[in-house]
Amino acid sequence: MPLEWRKWLEESGVQTLYIEPGSPWQNGFNESFNGKLRDELLNGELFTSLKEAKVVTEDFRLSYNHHRPHSSLGYKTPAAYAATVGGRTSEVDKVSATPGETGSAPLRLPQRAGEEDKKQLTALIDTST
């Protein structure tokens with residue numbers, strides 16, 4: 001970690017935690033996500049360009065955050081879970097969430113994706129060229 005960061009953290013009263021290399025149980029949330037990213041995306045893709053990697057990764061991010069059921073949420077999508085606890089949902093969730101959804105969500109953007117999803121992916125493609 002750069003010295004400037006350490007100094008700023010110290011001045012701000014923020015303490016960092018040391019995680020020993022090879023000790024994934026000390027960082028369970030990140031290790032869980034890294035495993036899912038590897039299993040559900042990286043092991044199944046062979047990227048031929050940076051542009052393709054950006055688009056496919058953004059597609060995975062949208063799917064993971066909005067369409068995919070999560071075990072920590074009782075195998076509900078984030079939108080379906082938010083609806084059960086009275087939380088706010090995003091426009092993406094309103095378009096894509098189906099209460100009681102089960103199974104794995106596709107890694108590609110669903111046909112019923114909202115216009116905002118399409119704009120984000122189009123902007124990503126445009127800036128990658």
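The model is predicted, so local features need pLDDT of at least 70, side-chain atom pairs count only at pLDDT 80 or more, and totals for chains, interfaces and linings use all residues. Residues are numbered from 1 along each chain as its sequence is written, and side-chain values use heavy atoms, with hydrogens and water left out.

**Stop 1: helix H1**

Select residues 3-12, helix H1. Helices here are DSSP runs (H or I, at least four residues), numbered from the N terminus. H1 is hardly covered: one of its ten residues is buried. Buried means under 20% relative accessible area, exposed over 50%, and partly exposed in between (1.4 Å probe, protein chains only). Step on to Gly13, which follows H1 and has a positive phi, near 80°.

**Stop 2**

Now select H3, residues 50-67. Its 18 residues reach 25 Å from first C-alpha to last, close to the 26 Å expected. The expected span is 1.5 Å times one less than the number of residues. Buried residues of H3 include Ala53, Leu62, Ser63, His66 and His67.

**Stop 3: the rings**

Show Phe33, Phe60 and Tyr64, which form one aromatic cluster. Rings of Phe, Tyr and Trp (its six-membered ring) pair if their centres lie within 6.5 Å; planes under 30 degrees apart count as stacked, over 60 as edge-to-face and the rest as tilted. The count is two aromatic pairs. Phe33 and Tyr64 are edge-to-face, because their planes stand at 80°, with the centres 5.3 Å apart. Phe33 lies in H2 and Tyr64 in H3, so this pair ties together parts 31 residues apart in sequence. Tyr64 is buried at 14% relative accessibility, while Phe33 is partly exposed at 32%.

**Stop 4: the salt bridges**

A salt bridge needs a side-chain nitrogen of Lys or Arg within 4 Å of a carboxyl oxygen of Asp or Glu. There are two.

Pick Arg68 and Glu40: their closest N and O atoms are 2.9 Å apart. Arg68 sits in the loop between H3 and H4, Glu40 in H2, 28 residues apart. Arg68 is buried at 12%; Glu40 is partly exposed at 28%.

Finish with Arg61 and Glu58, 2.7 Å from N to O. They are three residues apart in H3, about one helical turn.

Notes
Helix = DSSP H or I, 4+ residues; strand = E, 2+ residues; numbered from the N terminus.
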